[in-house]
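Subject: A structure for you to explore

Hi,

Here is the structure I promised to pass on. Have a look at it first, and then read my notes below alongside it.

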Amino acid sequence: MAQFQVAAVFSDHCVLQRNKNIFIFGYGSNGVSVQVALFDKNDSLLSKNSTKVYGERWEVQLEPQIAQEGCKLEIEKKAGADACTATTTEGTVKITFTDISIGEVWLAGGQSNMEFELQNCTEGPEALAETKNPNVRFYYTNKIAWKDEHFYEAEKNTCWQTWDSEYKKSWSAVGYFFAKKLAADLGCTVGVIGCNWGGTSASAWMRKEFLEKDDELRTYITEQIEGTKGKSIEQQCKEYDDYEKENAIWQEKCNHLYATVSGITWAKVQEELGACPWPGPRSCKNPYRPTGLYDCMLSRILPYTLKGVIWYQGESDDHKPGMYYKLFSAMIDNWRTDWHDDSLPFVFVQLPGNRYEQDKDFKHWCFIREAQAKIHNTIKNAWMTCALELGVFNDIHPKAKRVLAERMEQNALANVYNKLPPEKALSPMLDSTLIIGNKMILTFTNADDGFVLHNDEKTLQEYKTVEQNQGTPVPEDFTGFEIAGCDGVYYPAEFAFGGTDGKLNTITLMSKKVAEPRFARYAWYNYGPATVFGKNGLPLAPFRTSSADSQAATEHAEIQQIMTVAN
């Protein structure tokens with residue numbers, strides 16, 4: 001007989017979503033009656049509902065409520081005969097949660113740049129020194145990737161944290177700054193549910209059924225099956241446990257080298273220590289396995305009522321950039337299905353610039369960014385936040401997080417809450433192209449006020465240096481814009497803002513080397529200068545005018561240990 005319990009995501013200090021049906025859920029013995037009641041700060045009843053446990057799980061919906069503080073939630077298991085099994089249930093059990101806020105709830109999902117902790121970001125010390133309550137609360141989903149006995153015991157210790165908590169230093173920096181700004185702009189408490197893990201593919205956050213719908217996406221499953229063929233669960237677990245011990249020792253030595261040997265390269269580190277063992281063997285216990293974190297993290301909080309999702313991920317799918325559009329859109333469909341919300345908002349980050357000096361420019365992140373832009377253009381209620389200029393050379397984890405988080409908040413404020421004109425909160429994005437003679441005229445959305453040029457000399461010099469070291473020097477006439485004819489060979493393009501018709505949202509390209517232009521692109525590199533911005537202050541989103549230019553990403557960088565962050 002299953003022990004009666006409320007899902008761990010409910011606790012004192014939890015935040016419930018305002019103005020939507022509120023899902024309350026948990027576990028218990030089949031047929032047991034459950035009653036849930038929500039009270040305001042004066043102990044007046046706001047909503048009550050009851051249900052029975054079916055298949056060891058129960059779920060209740062409460063009526064929508066306005067934003068308020070100091071509420072109380074009571075969940076009561078009723079004593080009496082079990083209608084389904086004709087047995088006598090245990091006595092009445094009442095569980096009470098207090099100091100509940102009704103406000104806005106957002107899930108902070110993705111990999112290490114969403115996981116990146118407040119205490120480690122550039123703005124962290126100043127933020128943590130603040131004594132004023134920012135009206136932000138945080139719940140971190142139990143971060144264990146295998147459901148053993150330890151998993152359930154650890155889950156019981158999870159709870160919602162307030163600004164008074166000593167653990168606020170470990171909150172997602174992006175999640176915190178997003179929520180803090182949103183709470184101030186909306187005038188209510190904002191709750192963040194952290195559900196992220198460094199180094200993860202989007203496939204780790206999906207149900208098997210959604211990966212199996214498509215032949216290409218199914219490769220994530222088949223590769224896992226092939227990698228564990230013939231191995232028992234016990235053998236897989238032992239192999240992964242042995243790897244974790246080996247990796248901990250390796251990482252400690254690696255950190256020591258980086259701390260003591262100035263300018264040491266990744267190649268030299270591996271020469272000294274041997275190949276980095278991360279991410280470990282394919283295993284039922286490996287957190288990077290497809291569907292693994294859906295099962296062990298996401299499913300444990302479903303279907304907690306949300307306003308929306310902020311998402312920062314894509315780095316760990318750069319080995320299959322051509323299928324990222326399918327993968328990400330399937331994941332959105334999966335989550336919306338399981339949250340019973342076909343319009344669940346997603347505010348996501350388009351990957352910033354990234355490159356390590358020893359890497360070639362494989363341009364695989366260009367294709368990830370292109371897929372993310374396509375999601376923005378084709379999937380309803382999914383809005384992209386461009387972060388092109390916020391990347392850092394030689395570091396996949398930009399430590400400054402406030403600007404990006406607040407840029408995402410403005411995106412949400414405009415598109416989810418309708419508090420701003422969307423064109424004020426979105427980057428200029430390619431809308432259409434027109435070829436006239438030897439010129440290509442590009443028109444952009446979110447740029448009615450025109451464009452401005454920003455000097456990005458530091459990034460330009462980094463780009464020139466690393467390309468020179470790879471034997472691919474940057475042309476002297478480099479502008480960030482490129483144009484090509486039918487042969488698909490790109491050359492730097494001259495550009496001019498505005499058109500002869502007086503419209504400010506156009507850019508005209510031309511090159512003396514291309515008499516009949518067919519293709520154009522901008523910022524088509526993993527890491528390089530971002531010089532063109534809209535008058536709204538946001539960077540022009542990278543683009544190419546057509547995928548028919550035959551460009552493809554066939555390789556990706558081998559640096560892997562930097563995809564995760566230390567806890």
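The notes below go from the whole chain down to single residues.

First, some ground rules. This is a predicted model, in which local features need pLDDT of at least 70 and side-chain atom pairs count only at pLDDT 80 or more, while totals for chains, interfaces and linings use all residues. Residues are numbered from 1 along each chain as its sequence is written, and side-chain values use heavy atoms, with hydrogens and water left out.

**The whole chain**

The protein chain has 14 helices and 23 strands. Both are DSSP runs numbered from the N terminus: helices (H or I) have at least four residues and strands (E) at least two. Along the principal axes, the C-alpha trace spans about 85 × 55 × 50 Å.

How does the radius of gyration agree with that of a compact globule? For 567 residues, such a globule would have a value near 24 Å, and the protein chain has 26 Å, which agrees. The radius is taken over C-alpha atoms, and the globule rule is 2.2 Å times the number of residues to the power 0.38.

Of the 567 residues, 56% count as buried. Buried means under 20% relative accessible area, exposed means over 50%, and partly exposed is in between (1.4 Å probe, protein chains only). The chain exposes about 24,200 Å², and carbon and sulfur atoms supply 48% of that area. These areas come from the Shrake-Rupley method with a 1.4 Å probe; for residues, only the protein chains shown count as cover.

Next come the contacts, meaning heavy atoms within 4.5 Å. Among contacts with a separation of 6 or more, 76% are between residues 24 or more positions apart.

As for charge, the mean positions of the 59 positive and 75 negative charges are 2 Å apart. Lys and Arg count as positive and Asp and Glu as negative, while His and the chain ends are not counted. Each charge is placed at NZ of Lys, CZ of Arg, CG of Asp or CD of Glu.

**Strands and sheets**

Two strands pair if DSSP finds at least two bridges between them. A general point to keep in mind is that side chains in a regular strand alternate between the two faces of the sheet.

Strand E3 (residues 22-27) is joined to E6 by six bridges in the antiparallel sense, and Ile22 has Leu62 in E6 as its bridge partner.

Another open sheet has four strands, ordered E18-E17-E21-E23, and its pairing is antiparallel. Here the edge strands are E18 (490-492) and E23 (543-544), each pairing on one side only. Two bridges link E21 (residues 519-522) to E23, and Arg521 is partnered with Arg544.

For a parallel pair, look at E11 and E12, which share three bridges. Ile310 has Val347 in E12 as its bridge partner. Strand E12 (residues 346-350) is mostly covered, with five of its five residues buried.

Is Ser101 buried or exposed? Ser101 is buried, because its relative accessible area is 0%. Ser101 is in strand E8 (residues 93-110). Leaving aside residues up to four places away in sequence, Ser101 touches Cys14, Val15, Leu16, Gln68, Glu69, Arg137 and Thr189.

Where are the cis peptide bonds I noted? One joins Trp278 and Pro279, with omega about 10°, and Pro279 is in the loop between helices H8 (266-273) and H9 (292-301). Another joins Leu302 and Pro303, with omega about -5°, and Pro303 is in the loop between H9 and strand E11 (308-312).

Two residues other than glycine have positive phi values:

- His13 has phi near 75°. His13 lies in the loop between E1 and strand E2 (15-17) and is partly exposed at 28% relative accessible area.
- Asn135 has phi of about 60°. Asn135 sits in the loop between helix H2 (124-128) and strand E9 (136-140) and is partly exposed at 37%.

Finally, Ser546 is in the segment after E23 and is partly exposed, with 23% relative accessible area.

Enjoy exploring!
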